Amino acid sequence: MTAKFSRRSLLRAGALAAALPAAPSIFAKTDGAAAEESWTGFTICDSCNHVPSCGIRFEAKGNVIHRIDNWKENPNHWLCSKGWSTLQRLYNPNRLLYPMKRTNPKGSADPGWVRITWDEAYKEITSHMLATREKYGADSVMFYAGDPKEPRPAIYRLARYFGSVTWGTESSVGCRSGCMMAEELNFGMPNNGGSPTPDTKVYLILATNVWAQPMGWWQAIQAAKKRGCKIITIDSRRTKAAEIADIHLQPRIGTDAALVAGMIRVLIKENLYNKEFVEKWTHGFEEYAAYCESFTPEKTEELTGVPAKLVVEGARLWAQGPGTFTLTTQSLSHNSNGVNNARAVLLLPIVMGYIDIPGGVQFPQGAKGLTMAAYGLHPALADHPWFNAPEQKARRLDKNEVPLWHDMKDQASPNNLPEWIEAGKVRMFCAWGFNVNIWPQPAVYAKAIAKLDFAFSADYFYRPDSHRDLDIILPAAMNYERYAPFGFYGPRVAVRRPVKPLGEAKEDWRIAFEIGCIVDKPEHFFEGDPVKACDFVLRQYEGCNWNDFAAALPKISVLPAPKPASKKYEIGRLRPDGKPGFNTQSGKLDFASERARKFGYPAIPEFRPMLPITKEFDLRLLNGSRKPYITHSKTRTDQPYLMEIEDALTININPKEAQKRGIREGDWVEIRSPYGGPVEARACVSIIVPEGMIDAQYGWLGKQNTQTLMTREHRDPMSGYCCYFEVPVSVKKKA
Ligand SMILES: Nc1nc2c(c(=O)[nH]1)N[C@H]1C(S)=C(S)[C@@H](COP(=O)(O)OP(=O)(O)OC[C@H]3O[C@@H](n4cnc5c(=O)[nH]c(N)nc54)[C@H](O)[C@@H]3O)O[C@H]1N2
Ligand SMILES: Nc1nc2c(c(=O)[nH]1)N[C@H]1C(S)=C(S)[C@@H](COP(=O)(O)OP(=O)(O)OC[C@H]3O[C@@H](n4cnc5c(=O)[nH]c(N)nc54)[C@H](O)[C@@H]3O)O[C@H]1N2
Ligand SMILES: [Mo]
């Protein structure tokens, strides 16, 4: 079915597309560069989409980059294998460089892509946007960004001025926002700890993968270890972070809430916890303490697999703080008790009062208002108040599906996209970086996309699995080719000096803004110019602007920010109303969350067991641990240099489990689950995983696609996240 649109909206779209400013940004440094002139540029790596990401300095001749290096003035400047290989991605001959339109009906094996001009693409897209809004309302046009975080501020703005609240991202599908929910429930704000400081005596590494972190993090841990800081790692696998630990607590996947209940029981029984702090600054302690009562070390061992002795020793060592922690993590929140497991581990610093004191968990305050690109960069740009206003919230499609998420977040949870499309609630799909393989049972999402009236996505590459049934695919400029957004690290800001995009690729921000100029007022969209938008955000801070920051390169500029201070909760700096305390519903750090209770969830982070392991499916699959050379579905053919290291799905299997099945290193195996398979993988026999589980990366396609083993039905009811780390599987040697 195609959308019908009025003649008026068509005319309007056409006229405005023609009137768009075509000239490159007035701030472009490279415009006058003679073909062979050498110059130095600066950008930010987006290969793993960890934010804030790492700075890259590059040397170019004319518009061609021939060398990249660490940008040493940038606070994150140690490039990893993925960063070093990004030039291969930039100059990959398979890059998408022109807008393309399908000519065959949806569902055809060959979509019949043909090259079109940007004007034609905009005309089609915007006329469908206007017509769909006219007929079905703005919310039937969905906006979506996959893992790419950097395009998001511009898409926030587009959705907002177009008037649609149907805006979701990879962060609302899955990823770290589940843990952020836990942080917001406990602390009143997102806070994933941080690196150890010279005052830190004990450091907790919570379900965090060294290979997933910027290199600087690992260097900070090693330096702390040299200073004598003790390390406790809580990870279900024996990782590099476990090897460096003084105590490695290795709970079975999804049992962290039980482990923490056991540890906090020890801290209470041995009177090691910070009673004064708990009484003054926390809420619900008695309720939680009563819950912990039955978690004796022996019961904790039974539930988690962590030896009773280590439960006690771990608690005692943690009491020798001050201490802080790191929790990057997506793993912890991707099971059916995910948010509560994360809330539980976050109680460890709270019960000890290691909060905003030297060596403890810092509550840093950067430049006021600045949030990560993933969350819109700045309220003046993304307009969070609009998304959070009751009129908008009331319309959101996820309202009854994930009520607590809906209450807390301004992005809709899009895991029921197929159902929304089937019910006619979503008619058009506007995407940046769309990958169906983010989800369990990706084919269900791919089929749903084919049923839409109209869909487009902007990407670096054409990905058949995800893009085959789109109407239009747009070429996105890469990190070396774009100005927006600037990177920031606390109050420090790194602006870019890029090359011009290859072919007809355009910056994501430019695409969103140019569409915005057509469907709405150009003045809302900085006349399409990403640099003007960045300049607008920087000018929210006294004395700051893009031109000055660009002229200062390679130096990193600094925005005005409040002076660092300890115990900011005592002086009213952690609440918007300026009162002492924390920005939670109780005004204190919450052992029990009244906000969660209000929506019918357990107020305290209780332990709930996962899907049972069965005789037939006797191993738990950790479906997505990070490896140094792989990011999600990307980096395979995009950066082929990385595939020299590993070119197929590889699972880790414990030597005892391998022996039982007659599996040897390098053998091909078949994995099955109650929901799908067989999936083919190569076996690596390794003690990195204990008995009873295997691990795998996801993002391999075809017969190696582990998402086909999973179920869409099973979710964490608090976040709506699918359970990537819960499904029981069987493994056998391939015949
Ligand atoms: N089983 C399992 N599933 C998981 C996870 C897991 O651990 N296990 N992890 C979850 C997590 S944490 C995440 S973050 C997601 C991954 O989220 P996905 O959205 O699946 O991430 P990617 O495959 O990295 O990227 C999606 C697409 O964006 C394109 N792209 C990259 N950068 C840009 C850009 O700047 N602009 C544009 N326009 N396009 C770009 C890429 O080429 C790619 O086609 O998967 C989630 N799903
Ligand atoms: N190289 C690389 N780096 C990346 C990415 C990538 O794809 N490749 N992706 C980026 C993205 S989008 C994200 S979200 C982050 C993810 O970063 P992380 O979450 O740090 O990485 P993971 O490997 O998913 O999981 C971390 C650890 O959690 C452990 N774990 C799993 N389940 C449990 C559990 O129930 N309890 C406990 N205690 N431990 C558990 C795993 O054994 C693993 O070692 O990485 C980012 N960085
Ligand atoms: Mo993620």
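Predicted model: local features only at pLDDT ≥ 70, side-chain atom pairs only at ≥ 80, totals over all residues.
**View 1. The charged end of R636 rests over the ring of W700, 4.1 Å from its centre.** A charge counts as sitting over a ring when NZ of Lys or CZ of Arg is within 6 Å of the ring centre and within 35 degrees of the ring normal. Residues are numbered from 1 along each chain as its sequence is written, chains are lettered from A and ligands numbered from 1 in the order in which they are written, and side-chain values use heavy atoms, with hydrogens and water left out.

**View 2. Y144 and F434 make an edge-to-face aromatic pair.** Aromatic pairs here are rings of Phe, Tyr and Trp (its six-membered ring) with centres within 6.5 Å; planes under 30 degrees apart are called stacked, over 60 edge-to-face, and the rest tilted. The count by this rule is 36 aromatic pairs. Y144 belongs to strand β6 (residues 141–145) and F434 to the loop between β13 (428–432) and α21 (442–450), so the pair ties together parts that are 290 residues apart in sequence. Helices (H or I, at least four residues) and strands (E, at least two) are DSSP runs, numbered from the N terminus. Y144 is buried, at 1% relative accessible area, and F434 is buried with a value of 1%. Buried stands for under 20% relative accessible area, exposed for over 50%, and partly exposed for what lies in between (1.4 Å probe, protein chains only).

**View 3. The rings of Y724 and F725 are 6.3 Å apart at their centres, with planes at 90°, so this pair is edge-to-face.** Y724 is buried at 8% relative accessible area, and F725 is buried at 2%.

**View 4. One aromatic cluster brings together Y161, W509, F513, F525, F526 and F536.** Take a look at the backbone of F526: its phi is positive, about 50°, although F526 is not a glycine. F526 lies in the loop between α23 (508–519) and α24 (530–538), and is buried with a relative accessible area of 9%.

**View 5. Ligand 1 has 29 residues around it, and N435, D459, R463, N623 and S633 come nearest.** A residue is counted as near a molecule or strand if one of its heavy atoms lies within 4 Å. Polar contacts are pairs of N or O atoms within 3.5 Å; within protein, one must be able to donate a hydrogen and the other to accept it, and residues adjacent in sequence count only if both atoms are side-chain atoms. A backbone N or O atom of D147 is 2.8 Å from an oxygen atom of ligand 1. From the side chains, a polar atom of R482 lies 3.0 Å from an oxygen atom of the ligand, and one of Q707 lies 2.7 Å from a nitrogen atom. The protein covers 99% of the 920 Å² of accessible area that ligand 1 has on its own. Such areas come from the Shrake-Rupley method with a 1.4 Å probe; for residues, only the protein chains shown count as cover.

**View 6. Ligand 2 is surrounded by 32 residues, the closest being D235, Q330, S331, K627 and I630.** A polar backbone atom of K627 is 2.7 Å from a nitrogen atom of ligand 2. A polar side-chain atom of K82 lies 3.1 Å from a nitrogen atom of the ligand, and a side-chain N or O atom of H632 is 3.2 Å from a nitrogen atom. Of the 910 Å² of accessible area that ligand 2 has on its own, the protein covers 98%.

**View 7. Strand β23 (residues 676–685) holds E680, and P678 has its place in this strand too.** The peptide bond from G677 to P678 is cis, with omega near 0°. E680 is buried at 16% relative accessibility. Leaving aside residues up to four places away in sequence, E680 touches L649, W668, V669, K703, Q704 and K734, where contact means heavy atoms within 4.5 Å.

**View 8. A cis peptide bond joins A484 and P485, with omega about -5°.** P485 is in the loop between β15 (472–475) and β16 (487–489).
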